Amino acid sequence: MGTLDYIWMGILSVFQGPELFSILGLPVSVTLVMIFAGFLIGIAVGATPGLAGPIAMAIALPILISVFGYTPDALLPVLGFLIGVMKGATIGGAVPAILFNTPGTPDAFMTTLDGYPMTQRGKAKKALRVAHFSSASGDTFSDIVLFVCAPFLALLVEAYLDLPEKTALLILSLSFIATVIGGSPAKGLISTGLGLLAVFIGTGEDFYPRLSMDSQTLSRGFPISTAILGVLIIGAVLKELQDLWFQKRTSGTVPRQRDEGDQRLHWADIRRLLPFIGRSAVIGTVIGALPGIGSTLAATLGYTVGRSRYAKLKRPDAPDFGKGAAEGIAATEAANSSVSGANLIPVLSLGIPGNAAAVFLILAAESIGGFNPGPSVFRFTADEVNPELVVAFGLFTAMMIANLLNWTIGGVFMRSMGVMVRIPKHILLPSVLLLTLTAIYVQETRMEAIWFTLGFGVLGYLMRTLNISPLPFVIAFILGSKLEDSARQAFAATGGDPWFLFTHPIAAAFMAASVGIILYSARRKTPTL
Amino acid sequence: MKHLIKSGIAALGVALMATGALASDWTPPGPIKLMIAFRAGGGADTQARLIAEELENRMGWKFIPEQVTGKGGLNMANALKSQPNDGTAIGLAVTETFGYNMAAANAGMSPEDFTGLTTTAGFQMGVVAPASKGWNSFDDMIAAAKSGQSIRFGVMSPKLADLAYLLGKSQGVEFNIVSVKGGKAVLNGVNAGDIDIGFMAGIQAKGVAAGDLVNLASGLSTPLIQTPDAPTLADLGVNFNANGYFVFVGPAGMPAEARDALSKAISDVVSDENTKAGGLIKRAFGGAATISGEALSKLMASEFASSGTLMEAASE
């Protein structure tokens, strides 16, 4: 079993998976259909203000698991669907941003700056084409970086990091995430701390149910899906409902702009846009590879860098950034789309999720079982097949298929999604609430799970009200048990050395970095990230 | 009057037939909740799901598998205890859950709170090292330890940690005992080089056959099927063993016909090597081991009662 054999098996696992139906005698695997469905749903969801990729992933996951079951065969169809949603939502977010000046996803905010002015000038179709081309290019670039880097990084980690170093690396990632998400290190640490506290309830190695206060309900701990869906989805829904309550719903009709003139994207346009796309794609990929820094920052950076370059080079009669420059859309969309692939580098090579979409991919893998994202995935065993590695290459294949869909039909489908902005939030939000709770019950089949979810939802709402990002909470919840396990194991493996984090040079360096990054960002007066 | 007697006899006949049918042809009054005490995707979880799948095909029963993991199976036991005992709720754990773990937790549960249905397979518990270490026997490993090499010993339960400790004690070495979650994690740890040796209950079979792993010793009272020459724990001076089984249980007081029907159906599936579940058990554990009825109740009770001695020995 060489590397090429594994790659080939991964590709085959997507195409030859369980057959759903056949066209002209050619069997169509269920995985392909799921990627396709996920991609289309993703575009629609991304184009709907108030919905975003993670919400669709959260609701779909329990339903998919109850359809496909917990067998290894379920992994690729379910993960393929989620990847499709993730990619679709990325390009879908630009649609309402360009057409109605309303970003469909938070990271599409910068797209409104140049997209809407173009629409007002009657160039809506062209703006959408620019957004699609840049988004698809950035995404594809980032995926290729992922395919090359993730296995390499994983092998490096396995070769050089022992248990104490792995523990220190987890601590470093948590402190990095706490510092960079949300802008305030103190708030980030609160969020991380709460996440760790929640995951430590009822878990642990001892037979005694830790922190359960003698309650039978708490003694099994919080199921991971209740914490994640509660804080991320229910919390967001409650906050949006509150906003809706305060601001009377604007019921005026959206003004329609007429398209005028040439709407096509010419080769000359593409040549003009490519330098902006390239620069933004690199920025987005680098940012995406660091856990915790989201696509919103990538979009902002890509836009800023693009603007300063554009100011030097532009023709005098061309519109400025912010006044309807196609380059502005390209710089933004390429940057925020190239985050999604690179974001999976820490997930697949270290098991550390960096954003909400990655959180749901890990949740899916964990719920189904048989695939544990982390360095052990990339073990190229020679004499027997490592099934996790096949799944990893299957995932890469799924991403490539989603890219292919993006290049071929993505643009057409995306341009037809303008209607999604008309979905009224007062119907959308309660539906999301109901679907999420149903989805939780389907997966956990006990009433406590619903109470837990609602409890976490209130927590997520409060955090949002106090401007504390809920993402560090969720990531800490996922990494908490991993951190505890590896710390216990490192302690035992070093023969009970309580200073194991500081006596090994690499571990000590990681620890110094985790303290350093908090001190550094706490000292700065104006947090910029 | 004659009419009355006639219909009385008829009614009696119908009633008798109905009872007869009930005993031989029990069907669950609803879908069966199957609580699995193991992590999703591991070997034991796969076993449980394959058995359920085959029973659905054979018997037409409907199963709802559910993961209730944690605390060495005690979370599952605790949840199962209060479920209805009409056969609509069963669980898969290991005998260790109802023995050592239940005794150690001292949480007011005992095997009497459960109805044992059947075991499916006995552990092929070996002390396993990767071949790359160059140890061909248990003695090679001990020699390495005595020459100053620190040995990390991976275990997946507190009972096994006790046994690893006693094994080191009897050999005059001190292992660094690392506990991880599940046999798959021991295997991964050994493969990744995080752990030097570890207890594995059957998951090592493929690797041993391929020559990547070596069974250094048997953790059982008997030699391993795959490596009969490896010494047992008793040979190495430890008077305890890691004998154990995967076991299906229900809540206490399950009616006899439900209990018998369930245990017979499950043992039939696992004993049939042509089923997916039976094939899996054959590959990993060398074949099914089905203990049910009175014998199983006795086994569970005696493991519970005797586990105190092991704890005492290990805390000396």
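How many residues does the contact take from chain B, and how many from chain A? In this predicted model, the contact takes 31 residues from chain B and 24 residues from chain A. On the side of chain B that touches chain A, the elements giving two or more residues are helix H2 (43–59), strand S2 (63–67), helix H3 (74–81), H4, S7, helix H7 (183–192) and helix H8 (205–210) of chain B. The largest share of this side, four residues, is contributed by S7(B). Sorted by class, the side of chain B that touches chain A has ten nonpolar, eleven polar and ten charged residues.

Chain B is divided into two domains: domain 1 covers 30–122 + 244–314, and domain 2 covers 126–218. A distance of 27 Å separates the C-alpha centres of domain 1 of chain B and domain 2 of chain B. Between them, 15 residues of domain 1 of chain B are in contact with 13 residues of domain 2 of chain B. Helix H4 (95–105), helix H10 (276–285) and helix H11 (293–314) of chain B are the elements that give two or more residues to the side of domain 1 that touches domain 2. H11(B) supplies the largest share of that side, four residues. The residues on the side of domain 1 of chain B that touches domain 2 of chain B comprise nine nonpolar, three polar and three charged.

An open sheet of chain B has five strands in the order S2-S1-S3-S10-S4, and its pairing is mixed. S2 and strand S4 (114–122) of chain B stand at the edges with a single partner strand each, so one side of each is left without a neighbour in the sheet. On average, and with direction ignored, neighbouring strands of this sheet are turned by 25° against each other. The parallel strands S1 (residues 32–36) and S2 of chain B are joined by five bridges, and B:Ile36 has B:Gln67 in S2(B) as its bridge partner. From S1(B) the chain crosses through H2(B) to S2(B), forming a right-handed β-α-β crossover. S4(B) runs antiparallel to strand S10 (residues 245–251) of chain B, to which seven bridges join it. Here, B:Phe246 in S10(B) is the bridge partner of B:Ala121. Two helices of chain B pack on this sheet. H2(B) touches S1, S2, strand S3 (89–94), S4 and S10 of chain B, and its direction makes about 170° with that of S2(B). H3(B) touches S1, S3 and S10 of chain B, with a direction at about 160° to that of S3(B).

Within chain A, the axes of helix H4 (residues 75–92) and helix H16 (residues 387–415) come within 9 Å and cross at roughly 40°. The crossing of H4(A) with H16(A) is right-handed. Residues making the contact include A:Leu79, A:Gly80 and A:Ile83 of H4(A), and A:Leu395, A:Ala398 and A:Met399 of H16(A). By class, the residues of this contact are eleven nonpolar, six polar and one charged.

Chain A also contains a hairpin of S1(A) and S2(A). Four bridges join strand S1 (residues 19–23) to strand S2 (residues 26–29) of chain A, and the two run antiparallel. A:Pro27 in S2(A) is the bridge partner of A:Ser22. Two residues lie between the strands of the hairpin, in which A:Leu24 takes a positive phi near 50°.

Definitions and conventions:
Residues numbered from 1 in each chain as written. Chains lettered and ligands numbered in written order. Predicted model: local features only at pLDDT ≥ 70, side-chain atom pairs only at ≥ 80, totals over all residues. Domains from an automatic or database assignment. Contact = placed C-beta atoms within 7 Å. Nonpolar A, V, L, I, M, F, W, Y, C, P; charged D, E, K, R; others polar. Axes fitted to C-alpha atoms, helices over the stretch in contact; angles between N-to-C directions. Left-handed = near helix turned anticlockwise from the far one by under 90°. Pairing = 2+ DSSP bridges. Right-handed = clockwise from strand over helix to strand, strands pointing away.
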